[in-house]
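Colleague: Thanks for making time for this! Could we go through the model together, one question after another?

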Amino acid sequence: ATGYVGCPVGNDNHGVIYKREGFTPGTYQINIGHDDGAVLLVNGTQIYSAGCCPTNTLINWTGILNEFSVVEFRWNDTGGGSRGSLTFTSITTPT
């Protein structure tokens with residue numbers, strides 16, 4: 001990544017954690033993609049887990065998030081490329 005300061009990270013054998021909190025209240029869809037192991041937690045509850053090499057690498061979760069919600073996506077790469085994606089789509093916003 002541009003401007004990254006730290007230890008070099010190789011193409012294989014590494015783990016990554018994405019964490020986000022403080023959402024505008026509403027209903028969201030979360031899409032993830034990965035090629036090796038992955039875990040998705042919403043407010044500390046595991047809602048998805050898969051080991052290496054799943055055949056379905058895109059999952060969808062829909063639910064309510066707010067300013068107190070915490071979403072954490074943990075994924076690892078053991079070889080053969082590295083991919084972990086997390087996308088939030090706002091479905092509705094409360095009136």
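Modeller: Happy to! A residue is called buried when its relative accessible area is under 20%, and exposed when that area is over 50%. Please keep in mind that this is a predicted model.

Colleague: Then let's start with D77: is D77 buried or exposed?
Modeller: D77 sits in strand β6. Beyond its sequence neighbours up to four places away, D77 touches N11, D12, N13, H14, D35, D36 and S82. Its relative accessible area is 1%, and the cut-off is under 20%, so D77 is buried.

Colleague: N13 is one of those contacts. Is N13 buried or exposed?
Modeller: N13 belongs to the segment before β1. Its phi is near 60°, a positive value in a residue other than glycine. Most residues other than glycine have a negative phi. With a relative accessible area of 62%, against a cut-off of over 50%, N13 is exposed.

Colleague: Nice. In what order do the four strands of the open sheet come?
Modeller: Let me build it from the pairings. Strands β3 (residues 38-42) and β4 (residues 45-50) run antiparallel and are joined by five bridges, and β3 also pairs with β6 in the antiparallel sense over five bridges. β1 (14-21) and β4 stand at the edges with a single partner strand each, so one side of each has no neighbour in the sheet. The order is therefore β1-β6-β3-β4.

Colleague: Which residue stands opposite V42 in β6?
Modeller: V42 has partners in two strands. In β4 its bridge partner is T45. In β6, the residue opposite V42 is V71.

Colleague: What is the phi of N43 in the turn?
Modeller: The hairpin of β3 and β4 has two residues between its strands, and N43 is found in that loop. N43 is partly exposed, with a relative accessible area of 45%. Its phi is positive, although N43 is a residue other than glycine, and lies near 55°.

Colleague: Which backbone nitrogen does the side chain of S69 reach?
Modeller: S69 lies in the loop between β5 (58-65) and β6 (70-77). At 3% relative accessibility it counts as buried. Outside four places in sequence, S69 is in contact with R20, E21, G22, F23, N43 and I64. At 2.8 Å, its side chain reaches the backbone nitrogen of N66.

Colleague: F23 turns up among those contacts. What is the angle between the planes of F23 and F88?
Modeller: F23 is in the loop between β1 and β2 and F88 is in strand β7 (residues 84-92), 65 residues apart, so to speak a link between distant parts of the chain. F23 counts as buried at 2% relative accessibility, whereas F88 is partly exposed at 23%. Their centres are 5.2 Å apart, and the pair is tilted, with the planes at 50°.

Colleague: Which residues have the most contacts inside the largest nonpolar core?
Modeller: This core has 14 residues. The elements giving two or more residues to it are β2 (26-34), β3, β4, β5 and β6. Those with the most contacts inside it are I30, L40, L65 and V71.

Key
Residues are numbered from 1 along each chain as its sequence is written. This is a predicted model: local features need pLDDT of at least 70, side-chain atom pairs count only at pLDDT 80 or more; totals for chains, interfaces and linings use all residues. Side-chain values use heavy atoms; hydrogens and water are left out. Buried means under 20% relative accessible area, exposed over 50%, partly exposed in between (1.4 Å probe, protein chains only). A polar contact is a pair of N or O atoms within 3.5 Å; within protein, one must be able to donate a hydrogen and the other to accept it, and residues adjacent in sequence count only if both atoms are side-chain atoms. Contact means heavy atoms within 4.5 Å. Two strands pair if DSSP finds at least two bridges between them. A nonpolar core is a set of buried Ala, Val, Leu, Ile, Met, Phe, Trp, Tyr and Cys residues joined through side-chain atoms within 4.5 Å. Rings of Phe, Tyr and Trp (its six-membered ring) pair if their centres lie within 6.5 Å; planes under 30 degrees apart count as stacked, over 60 as edge-to-face and the rest as tilted.
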